[in-house]
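Please have the sequence and the 3D view ready.

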Amino acid sequence: MAITAQDVNRLRQETGAGMMDCKKALTEADGDFEKAKDILRKQGQKIASKRAENTTSEGKVLTHVSPDGKTGRIIGFACETEPVSNVADFQNLAMALMDNAVAAQPATKEELLALPQGDGRSLQDHITDLMGKIGEKLDVIAYEVVTAEQVVAYNHSNGKLGVLVGLNNTNGAEVVEVGKDIAMQIAAMKPVAIDKDGVDSSIVEREIEIGKDQARAEGKPEAMLEKIAMGKLQKFYKENTLLNQEFVKDSSLTIAQLLDKTSKGLTVSAFKRIAIG
């Protein structure tokens with residue numbers, strides 16, 4: 001059957017796909033709109049499969065904190081190139097991901113992507129569809145939830161870095177303000193854990209071995225290697241665990257001291273940092 005411009009435009013309005021893709025799909029489907037939609041969806045699946053190993057170094061990180069300040073959510077939605085990250089369809093889908101996360105409160109990324117949309121299809125299906133339209137790999141690289149007495153969010157100006165930090169009390173506006181400083185500290189200094197007790201044992205073992213190897217290379221006696229390595233481990237804790245880091249705005253204070261100075265007993269109970277690229 002003859003495919004009219006009106007047919008192509010209707011399919012384009014319903015799917016958001018490009019004009020030529022819509023015409024090709026309608027032609028292949030002999031004018032059947034539902035079959036044409038399936039063809040366009042399969043195109044997205046082909047793109048997803050073909051580009052599965054591609055690097056996603058651009059995109060958008062979104063954060064949201066509940067009105068009561070006790071629950072924060074952060075999502076990293078990535079693509080391959082910067083121009084795509086600025087396309088309205090990409091940004092709208094990023095917002096849809098967060099809107100769904102806030103409304104349905106999924107606990108994991110898998111639960112988020114499985115959420116059904118108005119057409120009965122999942123968020124992952126819609127991401128795959130957009131891959132077919134845009135021609136790039138799109139990926140939710142991370143989805144995290146933080147719950148605490150007070151959650152504070154920070155979004156870096158480039159849109160590709162976000163932080164959630166949870167604090168153990170809500171004692172006034174000063175707590176929120178220091179929470180913002182702590183979130184920016186996390187963004188800049190990339191701590192691996194809140195305190196040394198939170199550092200994974202494999203990281204600790206690796207740092208001890210590195211310390212021993214360095215000391216051995218410097219000609220230190222074998223009997224001293226363990227002691228030297230433990231000294232280097234303490235330095236690692238100071239530089240890489242949040243509460244032991246020097247505050248970037250005032251190096252005379254550690255983060256633990258800054259928090260306690262703000263409100264006695266105030267500390268960080270959780271944090272999440274997501275960066276794209």
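Asp89 is partly exposed, with a relative accessible area of 28%; buried means under 20% relative accessible area, exposed over 50%, and partly exposed in between (1.4 Å probe, protein chains only). This is a predicted model, in which local features need pLDDT of at least 70 and side-chain atom pairs count only at pLDDT 80 or more, while totals for chains, interfaces and linings use all residues. Residues are numbered from 1 along each chain as its sequence is written, and side-chain values use heavy atoms, with hydrogens and water left out.

Which residue does Asp89 form a salt bridge with? The partner is Lys133, and the closest N and O atoms are 2.0 Å apart. A salt bridge here is a side-chain nitrogen of Lys or Arg within 4 Å of a carboxyl oxygen of Asp or Glu. Asp89 lies in helix H5 (residues 88-104) and Lys133 in helix H7 (residues 123-134), so this pair ties together parts that are 44 residues apart in sequence. Helices are DSSP runs (H or I, at least four residues), numbered from the N terminus. Lys133 is partly exposed too, at 33%.

Lys37 and Glu34 form a salt bridge at 3.6 Å, N to O, and both belong to helix H3 (residues 33-50), three residues apart, about one turn of the helix. Is Lys37 buried or exposed? Its relative accessibility is 16%, so Lys37 counts as buried. In helix H9 (residues 201-217), Arg216 and Asp213 are also three residues apart, about one helical turn, and their closest N and O atoms are 3.0 Å apart in a salt bridge. The structure holds 18 salt bridges.

Now for the domains. The protein is divided into domain 1 (5-51) and domain 2 (54-147), with bounds from an automatic or database domain assignment. Their C-alpha centres lie 23 Å apart. The contact (heavy atoms within 4.5 Å) takes nine residues from domain 1 and 11 residues from domain 2. Together the two domains bury about 890 Å², 52% of it on carbon and sulfur atoms; buried area is the accessible area (1.4 Å probe) that two parts lose on being put together, summed over both. Arg41, Ile47 and Arg51 supply 59% of the area that domain 1 buries against domain 2. One salt bridge is counted between the domains. The side chains of Arg51 and Glu80 meet in a salt bridge at 2.7 Å, N to O.

Key: Helix = DSSP H or I, 4+ residues; strand = E, 2+ residues; numbered from the N terminus.
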